Amino acid sequence: MAESGNSPDGLELSKKWLEAADSRAEMLRYLKEQVPQIFCLKKELSPQEEEELMQSRLLYPLECFIFGEHPQEGLEKLKQDSTSSQLCGRVFKEGETVYSCRDCAIDPTCVLCMDCFQDSVHKSHRYKMHASSGGGFCDCGDLEAWKIGPCCSKHDPGGATAMVTDECVLHPELYERAERLFRVLLSYITEFLVWEEHFELSAELQPQTKENAYYCVLYNDEHHSYDHVIYTLQRSVNCDQTEAQTHTTLIDKEGRRAVKRGTFRSCQQAKDLIRSNSEHISLQPLRVEILQAAIMAHQTFVIRLGSWFQKIIGYSAGFRQVFCQVALEPSADGDQPCLISRLMLHDAKMYKGARKVVHELIFCSMLMDAEFKRLFAIEFTKYYKQLQKDFINDDHERSISITALSVQIFTVPTLARHLIEEGNVIKVIVGTISEMLREHLDINNRFFFLGYNSDKLLRIQVIFHDLRYILISKPSIWTEELRVEFLEGFKVFLGLLTCMQGMEEVMRQLGQHIAVEPEWEAGFSLQIQLRHILAMFQDWCSSDENILLLAYKECHTVLMQCNNQPFYKEPKDYYMCKHILNVRPYKVSQAPVSIHLPISRLLAGLYVLLCGTGAIERLNNAEMYDFTQLVDHPLRCVVLAAQVSAEMWRRNGLSLVSQVYYYQDVKCRDEMYDKDVVMLQIAASKMDPNHFLMLILLRFELFEYFNGSFSSNDQDELMHLNRLTEEMLYLIIVVFGERYVPGISQVTKDDVTMREVIHLLCTEPMAHSSLVKNLPENESHETGLEAVIAKVATFKKPGVSGHGLYEVKKEQLQEFNPFFYHYSRSQHSKADESQKKRRAQEGNDKALRPPVPPPFCPAFSSVVHLLCCDIFVHILRQILLRSVEDQPTHWTEAMIQRALHLIGQALLEEKTQLEDSTVEEVAFDFSLKAHRVGSEHGKSVFLLLSKTKALPSLEAQKDTIKWLLQMFEVIKCLREKSSPTASVTMDTSKPEESVHDKEKAERKRKAEAAKLHRQKIMAQMSAMQKNFIESNKMLYDNMPESGTQGEPVTANESGAMKQRELCIAIGPNRGSTPPEREVLTCILCQEEQEVLAQAPAMVLTACVQRSTVLTQCRGKIPTNRADGPGTYPLFMPPELAVGTHTGSCGHVMHATCWQKYFEAVQNTTRNRLHAELIVDLENGEYLCPLCKSLCNTVVPLIPLEPLTFNHENSEMIRQHLTLPRWIQILSARIKGLKSVTQDNDVNADCDGGNGSSSLCGEGPSDFRSILSYGVQEPRKLSDSITDMLVVCATTVHRVGLKTAPNELCPRVPLMVWNTCAFTIQAIENILQEDNKPLFGSLQNRQLAGLKAIVQFSASQRLKSSQADIQRHFTDMMGVLLPVMCRKNTPSIVEVDFFHLLVGLVLSIPSLYQEEAVDLQPSAVSSTYNHLYILHLITMAHMVQVLLISTDFPVVGDGEETEEASAAAEFFTTVYAAGRPLPDLSGSSVAQRVKMGMEPFLRCAALFFNCLTGVHPPEELLCTPVASQGLVETLCSYLALPTNLFQLFQDYRDTVSPLLQRWCGSPAIPKAMKGKSQIVRYPRRRNRLIDLPEDYSVLLNQASHFQCPKSTDDERKHPTLCLFCGAMLCSQSSCCVSKLDGENVGACTAHAATCGAGVGMFLRIRECEIVLMASKTRGSTYPAPYLDDYGETDHLLRRGNPLHLCPERYRKLNQLWQQHCILEEIARSLEVVNVMFALEWQML
Ligand SMILES: [Zn+2]
Ligand SMILES: [Zn+2]
Ligand SMILES: [Zn+2]
Ligand SMILES: [Zn+2]
Ligand SMILES: [Zn+2]
Ligand SMILES: [Zn+2]
Ligand SMILES: [Zn+2]
C-alpha cells in the first residue's frame, strides 16, 4: 500500500472522481496525463523510482477510490468480514513438479501443487508426479476434481462453510465503488492491449500533444534463433554484443522489447534495417513495430495494472465477483463482445508478457468461482472456433495460448454436461476439427495428407484433447436435452469419421518398387488421437439404451452411405463341397484397399454393446442387415495384413509395413485390429458357417487352391499361398477362440487385462514398466494392471542393479494360448519356446494345448459351428493330405501346427458340450465328421492325423498329435457313454516311459551341444592367438625363455617355516620375509613369467588421481605452488585436503607388451570419433586391455627379497644402538652430509650444537659411525624395471601436483611417498567402513595394487638424486628432532604423521650413500631405523591426539591400571607447559588417546606388512577392524608396548626435552586457535550425504531452490552434490564461472574444489546421478531411488512414488570411496560410444 508522500492527495483525488459527473472521463484524463510522466521517459527512471512513483501517483489514488478511505484501514475492515477462497489455484511454472492421485482424481488432469499435496490425504495413496508443462493450476479445493480428499489441510474450509458463496460479501457502497473503478480500468486495459498500429485511440485517450518520440519494438517469433536476433540487432540498431544479448533474452522472455527510442524517422529506419537484415537469414523478417512513446507508456502501465488487479482480487471474494461481473457484462452499445472475450479474441495477436497477464487474471478471477466459471465457459465455447483458428495460425507454444484454458473448463464434469446442453460443445469442437482439416479433403470427401504441414497438423490434433476432456466422465443421469444434443454431436462426429473411412487406399505394386513412400503418419496420428474418443463415445452410448440403439442405427446408415463405393463386378456363384456362395468378386492383391475403417469398427463396437445390454432384441428387423457386406471391408484389411506378412507387398515399401505394424500394435489395435476381429465374429455368428469360411477363402485368394482347381509350380507363388494358408488358419483360430471381450463372452475388464498380462509374462519375466508399455491404456492412462497383477504373477525383487521382475504364476499357465491374437511374430516364437522349455523342465510333453475359452454369449453362440462345418473339415483334410503325401512345396510345419491347434479347439469344444448336455442335444459333431468324411479312401481327418504321427519331418509336433488322438478317444467314449479306460491307461503308462527316454535324449543332446561349444571356443582361441603372435613377432623373438631366470628358492623353506611364529614386523625381534615365488601371466601375450628383480619388468595397470575422499575440510583445496620446507607436498597437513591415490584393476602385463599396446592404442584412438572423451591421450591415459578400466600409468612389480633375520646380530647391536645413540649418529651423519649443510638455515633458530649434545649424552659421534651398524649394496634391478620406476613416478608427480611432467623435479620422490601413504589410508578407510579384517579381506586387485605401490615407493629412491632425498629426510626429521628444525618446519599439530612415517622410512636408506659407493643399510640396521622412527612418530602422534582432543569419554575411575597411571603421568607432562590442566582421570585419557591412535596403527601395520612381508598375527586376519582389543595385537606386530604410554617411560630421558619442544612450539596455540580447522582423531569418516527416503522431499527442496546468482523465475536445474550436500544451479548461464580460463557450469566448478575434479551429483528434476571427472568427462548413472516395482525412473517419466534404496546408495558410496568414479565413467562411455559430444563441463 502506498504512502501518499508529496504526491497528490489520493483521498482528495478519489473524492473528486467520485463526485464528478462523468467519473470515467475524469479518471481517464488523470491517467492520460500521469502515465506518460512516469513510464517511457526520455531519461529512464530507475526501476525503484518508477515503482514508487506508480504506487504513489497512480495506484494509491485508485485504492483510495475503492475504499473511500485510507486503503490500509479499509482493508483491515474488509479482512474482518470476508473469507478467502478455499481453492488453491496456484498457477504452475514450466517444469514445476505436480502430483495427481491415481485413486482419487476424477481424471489425470486433476493435479495438486507440491505444498497442497504434502498436506493432503493423497500422499499415502497411489500418487503420480510429473513436471508441469506450465499454465495449469492447482485443483486443491475443487470438489469436482477429487473423489475424496478434495482439500489439503491448508485449504480445508473446516467442513462447515459452504463451497463458494454466491452472495456478495461486500458492503454495497464498497461494491458500487469497486464496480465503477473496475469497469473503467478493465476497459482501459482492454483498449491498450488490443490496440493495433492502424487503430485510432479513442478520443479520451488520445495524447494531448503529439510529441515526436517513438519506440522501435521488436517482437518474439519462433522462426528466428537467438543468434539470428543478436546478429540482426548488432547490425541494425548499433548496439554491442552484450546489449544485443540482453535485448534478445528479454524478447524471448517477455515477448517484445523496445530496442530503440527516437524520432519517427529514426525508428522507421531501424525498423527497415531490422526487417531486411533478418530477412537475409531466414526468409521471414522479424516483426517490428513503431509505437508512440505515450502508448508505450500506457501499455507498460497496463501490464502493471494486471498484477495490481490480482492483488486486489486476492483481498476478498467480493472483489473477485465484482471483477468477474465487469469482465463478463455485455458492452454498453451491445455490438461488442464483453471485455474478457475481447481480450481472448485478441490473444494470438498479443505478445507473451501481455498474454500472461490476461491469463493470470482469468485464473485468479473467473476460474475460482463456480458460477462465473460457468459463464466464462459459455463465452469460451462461443468463440471456441475462432480461438482455435487463431492458435493454429499463431506460432507460439500452446502453453501461452488462451486455448490452453480448455482443460480447466472442459474437465469439470458438471460444466461439460452443461456446455453440451447449452452450447452443444461436442458439435463445436468436432466442427472446428472438421473445418481445420477441410483443406485435406479429396474429391471423394476423404482425407488425403500428401504434403501436409506437420506443425499445423500437430496444432489441430491438440483440439482432440478438448473432445476427450468433454467426454472424460460419462453422465450418470441423462436428461432429454442431453440426449438430443449428444446425438447431434455424435452425428457430427460420424461426419468426421466418414472422411476417414477408406482414406489413403493402397494398391499392390507389381513389377517396380514404388518410387515415393506414400504419406501415412498423418492418418495414423489422427487414428491415435481418436482412439480414446471412440472408446468414450461407445462408453457414453452404453450408459443409455435408447442412445445406444439410435447411435447404432445412425452409424449403420452412415456406413451404408460410405460403402456404396462400386464393386467392380457383379455377384458370382462360388461352389465348394456342395455349398454355394453368391458374392461379388474382389481381390485385395489387385484392387485398392484401405486400412482406415473407423465407422465399420465403431459399428462393431456398438453391436457388441447392444448384445451386452440385451438391447439387441429391440433392434427392429435386425435380420435386414447384410453382414456379408458389413464384414467385407474389415476382412479385406485383415487379408491385407496377412498378405503383407506373406511378403506379397514388398514393392510397396516401408510405409505399408509400418501401417500394418501400427494396425496391430498396442497403441492402435483396440480400435482397429481388435474391432475387425469382432466384426468377423459378428458375421460368423450371423452367416452360414460354410458361407463364412468360403468368403474367407475367397478373400484370402485361396479358394481355388483349396478347390483343387489350382496347379502351379511357381515357387514364389506357392510360397505366398502357403504363407496365406497359415495366416488364414490363424484367423480361424482367432475368430473361434478369442472371446475375451465383454459382450462376446461373460468376462469383465479385469479378466481381459489378466489374460493380457499372463500372455506377456509367458514370453519372459517382465518389469512393471515393460508390462505397462505393452498393455493398452484407457483415457486415464490406466491399464488396470495393479488390480490383477498380484493374482497372476509373483514379484522378484531387484538386486543392487537391474530391476524387479514379475513371473507368471504356475496355476495361470492353463490360460496360455500359443496363438494369442495380440502376440507379434517374435512374441509368438518367444512364448512358444519358453513354454515348451518349461514343460520339458517339469517333465511334461511338449504339446502346447489350446486353452478352454469362456463360452460365447447367446448372440455369438453360433460362431462355434465354424469348427464342425463341411468346409472346415474339407480344409483340414486338404492340409493334412498334403503333408501325408509329403509334397514339400505344398505345406509347411507352421501350417500343420495351426491345423492341429484348430483340431484341438474343435475337440475341446465338443468335449465341453458333451459334458454339459446329452449326446442327443449336442449338434457339434466335429469328431464324427473327422472320422467319417473321406474315410472310404482312407483320407478322413482322423486317419490322416494318425499317419502324420509317423512323419519324421513332424517330429516336433508328435506330442501334440498324440494328445489329439487321445482326445478323439475320450470323445468317442463320451459319445458312447463309456469311460475311456483304454485311453486312460495309455495316458498314464506312456508318459513315464517317454519321460525316461526323453531324459536320456536330453542328456545326450546337452552333451553334444557342450562338445560343439567347446570346439568352437577352442577354434576361436587359437585364431586369436595366431593373430596376436603374428602381429607381435618381434616381441616373441626377443624374449628370454621363461623360467630360466628364476633362482631356486626352496632352499630356505624349512628355515622360513620355523620363523613363522614371529609376527613382528620391525625391531630386533622382527620375523622373516618368507620367500614367495610369483609367476604371473601377461594379459596381452598370455605368456607366464616369474616376477624377479633382474628380469624384464612386469607391470600392473594403475590409475593415479587426486582425491578428497579423506578430506576434513571439504571444499578447500590448498594451492601447492609455494615451494618451502614447511608446506605440502613435503608435509601432508592433517586435514588431508587433497591426496594422491593410486589404484589398480590388478591386471598384469609385460612392460614391453604394455608399451606396444599403448602405442597402438594411441594410434587407433586418435582416429576414433570422440575417443578423446574417454581417454585423454595427452596425459597417457588408456583403457585396461582386459577390463576396460581407465588407467594412466603402470606400476612395476618388484619382488620382496626373502630374508631370514639374523637375531644374534640384532641382539648384539641392541646393546649399542639405543635411541639416544641412534639420534646422535643420525645427527652426526646429517651434519656431515654436503647436501644438507649447503642449506644455510638448518638449525638457524634452534639451539644448535648445545641441544644436540645434551640429547646425545654419549659424546660426539663421527660422521661415518652410522655405517658401522651394517650396510650392504643396494639391490640391482633390471633396466626395464628402473625405466618403469621413472614412468610411474613421473605420472604420480604430474597428476598429484597438477603440473607439467618433469622427472628431475626434486618433488618426485615426495609425491611417490605421499601416494603410498594416501593409498594406504584410503584402503584403511574402506576396511573400516565395511568393518572387515585388516588383512585377508581385501579384493585381489586392491591387495596386488597395494603391494606393488609400497615396493615401488621403496625402490623409487634408486632413481632419484640422493642429495634431494637426504635433504627431504632432514626436513621431515625436523618435526621430531629440534636439531634439524628449520624456520618453516611445522609444529606437531600441523602434520599428518602417517605420511611422515612413510616418508622417513622410505628415505632413510639414502643417508648411507657414500660418495664413491652405493650403499644402503643392512637388514639389521634398517629394522632399527624403522623401530626408532616408528617409536618417535608414535609418541609425537600421541601428543598430537591429546593436545587436540576435547571430547574425553567419561570413565568410572574404579581400578587404577598401570596404563591409566602411565596415561595420567603423560597427561600431566604434556600439560605441564603452563596450560590449564583439565580434570581428567588417567583411564579416560588412555581411552581417548588409544581411540585416536587406532587408524594410524592400522595404516602402519599395512605399510610394514607390505614393506617387509612379515606375516601378521592370525588375529588381524579374521577379526573385523572395529572390534575391541585389536590395538594390543597391532602394537605387538609393530613392536610397540601394549601400553603405549610405556614408551614415554622407557625413553623418558630422551623424550622429555623433545616433549617440551613439541608442546612448547609457539605454532601450537596459533594453529589451534584456528587458521585451519582442527582435525580431531580419529578423523571423521566421509560418506555420501544422507538422502531422504521419499523422493518427493527432494523435489520439494528443489522447488524452493533459489539460484544464488539470479533472481529471474526461469526454470532451474537444481543439482545436489552428494559429497557435501550443496545445491547447485546446473545447466544455467547464470552460474557459469571460469576455471583455468575456461567457462564451466556450476557442477564442474564445484567438483574442482569439492572433489578435486571428481564429482557425484544428483540431478533432482531428472532423477539421475551424474558422475564427473575432470572438465570434459562425465556419465550418468541411475539414481538410487526405486518405485514399488523395483525400477528407477529417469526423468520421472512414469511418475510413481520413489523410495531410497539403501543398497544402491551404499554401492554409490563405495564407488566413491574406492576411487572408482573415473573408471565407471570410462566404462560407461566405452559402452555408450557417444555419437554426439555432451558438454559435461557446462553442467
Ligand atoms: Zn495448491
Ligand atoms: Zn491446498
Ligand atoms: Zn488419493
Ligand atoms: Zn606380454
Ligand atoms: Zn584391468
Ligand atoms: Zn560438494
Ligand atoms: Zn544460477
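Start by selecting the zinc ion (ligand 5): its site is tetrahedral, with angles of 102 to 113 degrees among the four donor atoms. (Four donors count as tetrahedral if all angles lie between 85 and 135 degrees.) Now show the protein donors, which are Cys1145 (SG), His1147 (ND1), Cys1184 (SG) and Cys1187 (SG), at 1.9 to 2.3 Å from the ion. Donors are N, O and S atoms within 2.8 Å of the metal (3.2 Å for Na, K and Ca), and water is not among the atoms, so sites may look incomplete. Along the chain, these donors follow the spacing C-x1-H-x36-C-x2-C.

Helices (H or I, at least four residues) and strands (E, at least two) are DSSP runs, numbered from the N terminus. Is Cys1184 buried or exposed? Cys1184 is buried, because its relative accessibility is 0%. His1147 counts as buried too, at 18%. (Buried means under 20% relative accessible area, exposed over 50%, partly exposed in between, with a 1.4 Å probe and protein chains only.)

A quick word on what you're looking at: this is a predicted model, where local features need pLDDT of at least 70, side-chain atom pairs count only at pLDDT 80 or more, and totals for chains, interfaces and linings use all residues. Residues are numbered from 1 along each chain as its sequence is written, chains are lettered from A and ligands numbered from 1 in the order in which they are written, and side-chain values use heavy atoms, leaving out hydrogens and water.

Next, jump to the zinc ion (ligand 1). Its protein donors are Cys88 (SG), Cys113 (SG), Cys116 (SG) and Cys138 (SG), 2.2 to 2.3 Å away. The angles here run from 98 to 124 degrees, so this arrangement is tetrahedral. Cys88 and Cys113 are both buried.

Now pick His1431, in helix H53 (residues 1419–1444). At 5% relative accessibility, His1431 is buried. Which residues does His1431 touch, not counting those up to four places away in sequence? Look for Ala1535, Leu1536, Leu1543 and Tyr1547. (Contact means heavy atoms within 4.5 Å.)

Last stop: Leu1698, in the loop between strand E27 (1681–1682) and strand E28 (1699–1700). Its C-alpha lies 4.5 Å from that of Asp1683, 15 residues apart in sequence.

Technical notes:
Four donors count as tetrahedral if all angles lie between 85 and 135 degrees; four count as square planar and six as octahedral if opposite donors are over 155 degrees apart and all others between 65 and 115; anything else is irregular.
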